[in-house]
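Here are my notes from a pass through this model. Have a look at it first, then read on.

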Amino acid sequence: MPDHLDGKGAALADFTKKIYAILGSRGISHHLQDVACSKNEIVVKPFRVVRDQKIMPREENIFVPLEVIFRMGVAKGSSLIKRFPGQYLENQMFDKPMIEFTTKLERFDRPLAHAEAQELANLNDTEWKNLISTTEKIAMTLKETFASSDITLWDGKVEFAVGTGFKREI
C-alpha cells in the first residue's frame, strides 16, 4: 500500500493488533508478539523461510509456502464465476468458507489442488486437517467480527508457519 497517508502506519498496526487479539481470544495461535513497540509497528515471531525446494523440510518454526485463500461468498467480479461457469452466482454467500491454495514463494503464484498443496507443504493428514480447520476458524471469526460492524467479509488470505498457528504431529 504505497500511498502516503498521515497516520496510516499507526492505523494499520492498531488494526492488526486488534484482529490478532480477537483471534488469540478464540484460541488461534499466531506470530504477533505482545511487546512494546512504536505505535506504527508490530513485532512478530521470526520463522525460517526455505526457498527453491520442491517440498518443505519437516522442521518447526518454518514458513509454510502456501497462500491459503478463504472465500465466504462470490463477490462481484469474482474469479469463481469465470473459473466455474454456471456453478456460482454473484453475491452468493457460503455457509462455510471455501478454501483454495496458491504457491507463495514462486515467481508467480499458481493455483494448487489440495493434494498438491499438502504435498508441497509436506504436511501429514492430521497436520493438513489442522491447517484447514484453523483457516475455517479464522475465516468464521473474521466474518463475525466484521459483521458486528455491518461489514460483509467476502474473502481473505492467510499464511502459516509450523509452530505458529499449528504444531507438527509426531
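The points below go from the whole chain down to single residues.

1. Ground rules: this is a predicted model, where local features need pLDDT of at least 70, side-chain atom pairs count only at pLDDT 80 or more, and totals for chains, interfaces and linings use all residues. Numbering runs from 1 along each chain as its sequence is written, and side-chain values use heavy atoms, with hydrogens and water left out.

2. The protein chain has four helices and seven strands, in the order α-β-β-α-β-β-α-α-β-β-β from the N terminus. These are DSSP runs (helices H or I, at least four residues; strands E, at least two), numbered from the N terminus.

3. Of the 170 residues, 37% are buried (under 20% relative accessible area with a 1.4 Å probe, protein chains only; exposed is over 50%, partly exposed in between).

4. Helix 4 (residues 125–147) has 23 residues and reaches 33 Å from first C-alpha to last, close to the 33 Å expected at 1.5 Å a residue (1.5 Å times one less than its number of residues). Its buried residues include W128, L131, I138 and F146.

5. N61 has a positive phi near 55° and sits in the loop between helix 1 (8–25) and strand 1 (62–63). N91 has a positive phi of about 75°, in the loop between helix 2 (79–83) and strand 3 (93–103). Most residues other than glycine have a negative phi.
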